[in-house]
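Here are a few notes to read with the model open beside you. Take them one at a time and find each spot as you go.

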Amino acid sequence: MYGNDIAAISARLKELRTFSDYTTAQVAEMLGVDEEEYVAYESGTKEIPINLIYKFADVMETEAAYVMSGVLPSKDKVYVVYDGKGMSVKRYEGYSFTSLGGDFRKKTMNPMLVTIAPTDTPELVVHGGQEFNYVLEGELRVIVDNRDYFLRAGDSIYFDPSFPHAQLAMGGRVARFLTVINE
């Protein structure tokens, strides 16, 4: 399991930044956040959102998996995940991500299984690229740019994630879906 240790991720942020000879102000500008917020990520007083981990990795010319786990992906030709047992990431309360491409190098898309517990308020996020969600189980409310889409098992949605968006389990039950993000 990776992605749960804020202190380790924060240490890698600092290590990669200093190795690349950037100041905190320079990295903050490249990420589109103010310097105080970036310093909080690097010091571990605030957890860095997953979308900024991907952006940070791109800026540092490394793999997001390395920023989260400290291990560089090693597969060039094939990476197999049996029975949905990929690398697990827990980034937000009630959200569990299982990476289905974690050890593949130079990914152009990020397929993940997502399990969402029923919660009151989803956290809106934004990131680059395009996103696809396919509901496997339960009912899912997807919010994209202040519009709601209600999906059931077998339904899918493809959208531009540069607009604020979130997913929410409906009906008081856990929802599971496949998401593929191309950044």
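**Notes on the model**

1. Let's begin with Ala25. This residue is partly exposed, because its relative accessible area is 34%, and the cut-offs for that label are under 20% for buried and over 50% for exposed. Keep in mind that you are looking at a predicted model.

2. Where does Ala25 lie? You'll find Ala25 in helix 2. Now look for Val39: Ala25 and Val39 are 14 residues apart along the chain, and their C-alpha atoms are separated by 8.8 Å.

3. Stay with helix 2 and turn to its partner, helix 4. The two pack at an angle of about 120°, and their axes are 10 Å apart. The crossing of helix 2 past helix 4 is right-handed.

4. Which residues meet where helix 2 packs on helix 4? From helix 2 come Val27, Met30 and Leu31, and they meet Leu52, Lys55, Phe56 and Val59 of helix 4. Sorted by type, the residues of this contact are six nonpolar, no polar and one charged.

5. Next stop, helix 3, which covers residues 35–43. Tyr38, Ala40, Tyr41 and Glu42 are buried there. What covers them? The cover includes helix 1 (6–19), helix 2 (24–31) and helix 4 (50–59). After helix 3 comes Gly44, with a positive phi near 85°.

6. Last, look at Thr98, in strand 2 (residues 95–99). Is Thr98 buried or exposed? Thr98 counts as buried because its relative accessible area is 12%, and the cut-off for buried is under 20%. Leaving out residues up to four places away in sequence, Thr98 touches Gly84, Lys85, Gly86, Met87 and Ser88, along with Pro111, Met112 and Leu113.

Notes. Residues numbered from 1 in each chain as written. Predicted model: local features only at pLDDT ≥ 70, side-chain atom pairs only at ≥ 80, totals over all residues. Heavy atoms only, no water. Buried < 20%, exposed > 50% of the residue type's maximum accessible area, 1.4 Å probe, protein only. Helix = DSSP H or I, 4+ residues; strand = E, 2+ residues; numbered from the N terminus. Contact = heavy atoms within 4.5 Å. Axes fitted to C-alpha atoms, helices over the stretch in contact; angles between N-to-C directions. Left-handed = near helix turned anticlockwise from the far one by under 90°. Nonpolar A, V, L, I, M, F, W, Y, C, P; charged D, E, K, R; others polar.
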